[in-house]
Amino acid sequence: MATPAVAISDLQKRFGDTQALRGVTFEVSSGEIFGLVGPNGAGKSTTLRILSTLLDADGGEVRVFGADVAARPNAARAALRYVPEEAGAYENMTGRQYLEFVARFYVDGAGTAGTVERGVALSALGDRIDDRTGEYSKGMTRKLLLAAALMTEPRLAILDEPTSGLDVRNARQVRDVIKDYPGDDRAVILSSHNMLEVAFLCDRVGLLDDGIVVDTGTPAELVARYAVENLEEAFLEATA
Amino acid sequence: MRQFLRLTWKEARELLRPRYIIPILFVPVLFVAMGQGIGGLEDELAREPTVGVVNNDTGQFGATVVDTLEKGANLTYAGTGGPTAEALNRTRAGGGEALVVIPANFTERIEAGQAQGRVHLYAFVDSIGITGIASSGRVESLLSAAGQRITLAVTGATPTQLAPIASDYTTFVRNERLEEPPAALSNVLSSQFIFIPVVILVVIVFSGQMVMNSMGIEKENKTLETLLTMPVARRTIVGAKLVGSASIGLLAAAVMSVSLFYYQSSLSFGDGGGEALGALSLGAVDYLLVGVSLFFSVLIALALALCLGVFAGDRQGAQILLFPLMILAGGPAFATMFVDVTTLALPVKAVLLAIPFTHPALAPKELMFGGTGIVLAGIVYQAIVAAVTIWFAIYLFNSDRIVTGNAGRLGDWLRAMQR
């Protein structure tokens, strides 16, 4: 049996008096785009941050391609790239310099140029790739960050609200890049409030509510299971 | 190692921006300008004044005044009798700064011994500035010298009789005996008492400010989370932030120190203090010890700033969080400037010595008077504090706090400071 891209079991996390996660459990297989869906404060970003090694779990286990993120964080980090919901780039670098900066952490000298060119193509920023990122719009920054995350072909791409705040054209470009990304040894896990986007992109979806996964399945399975017309209604039924 | 260098370069690059560099360069430029202004003033005061003189006196003392002015000034006009208005015009036309008019009864009044001989000094102040106003002072000095010559002539006294008392000095500084007046000691040591603490303060504040800026940029641009998920050990990130920020901070501090030194050099402290005070100067090993103490101070300041920067919400918030560090650095600097820490009451002394930034400011004084043991003990203490603060910074970077900014009541307090 193949090692899952992500294996999360009984994940617990508390912030002061708030129990943010109450035993989150799910798996993501290679080749999948897995959507984590839930209302504000359900624990999506917390789950993704623990998965990305940014936060420590209070309980449970999280593995990325078999590597325990608590015990071997750098092994997990080598396999994953994380694009936070409201991330930016270093303002004093051009887009290309930012891609080079990121690439050099993952690729040896000889392969850097090719990786950066892949990033330039993924970003679809054209000539603006040589402008300072401080001059970029939010959409351009988002595309640059997504390109920086995917150009090194990570085994796991973790995308928190990847199209948040983007216009229709930019959102479409970003979705197309994500849709084409998974392969035999690669997976994507994303969170989104946009149910149409989730239905379009995701092979499977996990419905998260109040710190616990209440259901998982393909969008079609969830729609059928709750006898509703679309994923949004399935989500409302599951979390009612 | 390559990752460390890459991150260090990234830190330096993000900080080498006009918005951070221009404010830092502004103060040194100000000091250099002030130094040049003061230097210009000294040059101006050293220059011979250009004056005119009208001698209406036929006696010997009027001639003495004219002779003194001829020797000490550039005489652009010298006349006898005639209207003052014409003398004023001619003096002014010749670039004169002042006109001295000696009245007809000048010698007579002095010889009678009942009243002072009076002259009238007309000063032209075209430049409304320190140099313009100071020019008439040089003419007054010449008149004072002329007065001394007249006194010698009237009384028949010698210059020694006019200043009959001379003092020899012996000053005991702690256990050192110096054949110099206390004022000379003050002149020589003023650089140790004032310059070194101020430089230490500047170095600590500038370095800390750069680390704070670095953290503020990361928080404001929301780049920190991406950075922390890269396959790099957190201690490498901490190290790169310390070295990258320190390189810019120390560069800024060096520029500031040089400008401060230039400014201080432009101030005249009078007598240098004589060779006897050479016994109180620092040797190469002493400077090395002061340098080591300063190095640990910078290290502690950087690590503390990094710890505080973890709780910064943005760039402005980061600047506010520098405040506790400024107090910690400023307190000892001012204390060592104005008092001898070793003479303070034990509790006050203990508090000051517990602050690691006190030690480099204290070191020159102690080394001057053989307190090498105290300095070495201070360095050991600083090394321990540096190790603990760096460990704590790495601990914070390895914890949730770097992302959440939560740290119980301390975190609440630090957030409240940034509102």
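This is a predicted model: local features need pLDDT of at least 70, side-chain atom pairs count only at pLDDT 80 or more; totals for chains, interfaces and linings use all residues.
Local features require pLDDT of at least 70 and side-chain atom pairs count only at pLDDT 80 or more, whereas totals for chains, interfaces and linings use all residues. Residues are numbered from 1 along each chain as its sequence is written, chains are lettered from A in the order in which they are written, and side-chain values use heavy atoms, with hydrogens and water left out.

**View 1. The interface of chain B and chain A.** Contact (heavy atoms within 4.5 Å) links 29 residues of chain B with 30 residues of chain A. About 2,700 Å² is buried between the two chains, and carbon and sulfur atoms give 52% of this area; buried area is the accessible area (1.4 Å probe) that two parts lose on being put together, summed over both. B:R6, B:T229 and B:P231 supply 21% of the area that chain B buries against chain A, more than any other three residues.

**View 2. Polar contacts and the chain B side of the interface.** Across the interface, 12 residue pairs are in polar contact, both residues being at pLDDT 80 or more. A polar contact is a pair of N or O atoms within 3.5 Å; within protein, one must be able to donate a hydrogen and the other to accept it, and residues adjacent in sequence count only if both atoms are side-chain atoms. On chain B, α1 (2-15), α8 (182-221), α9 (224-228) and α17 (401-404) each supply at least two residues of the side that touches chain A. Helices (H or I, at least four residues) and strands (E, at least two) are DSSP runs, numbered from the N terminus. The largest share of this side, 6 residues, comes from α1(B).

**View 3. Salt bridges between the chains.** The count between chain B and chain A is 3 salt bridges, each defined by a side-chain nitrogen of Lys or Arg within 4 Å of a carboxyl oxygen of Asp or Glu. In one of them, B:K222 pairs with A:E86, with the closest N and O atoms 3.9 Å apart. A:K13 forms a salt bridge with B:D400, the closest N and O atoms being 2.2 Å apart. This pair runs from strand β1 (residues 6-15) of chain A to the loop between α16 (372-398) and α17 of chain B.

**View 4. An open sheet of 6 strands in chain A.** The strand order is β6-β7-β8-β3-β9-β10, with mixed pairing; two strands pair if DSSP finds at least two bridges between them. β6 (80-83) and β10 (212-217) stand at the edges, each with a single partner strand, so one side of each is left without a neighbour in the sheet. Strands β7 (residues 156-160) and β8 (residues 187-191) of chain A run parallel and are joined by 5 bridges, and A:I158 stands opposite A:I189 in β8(A).
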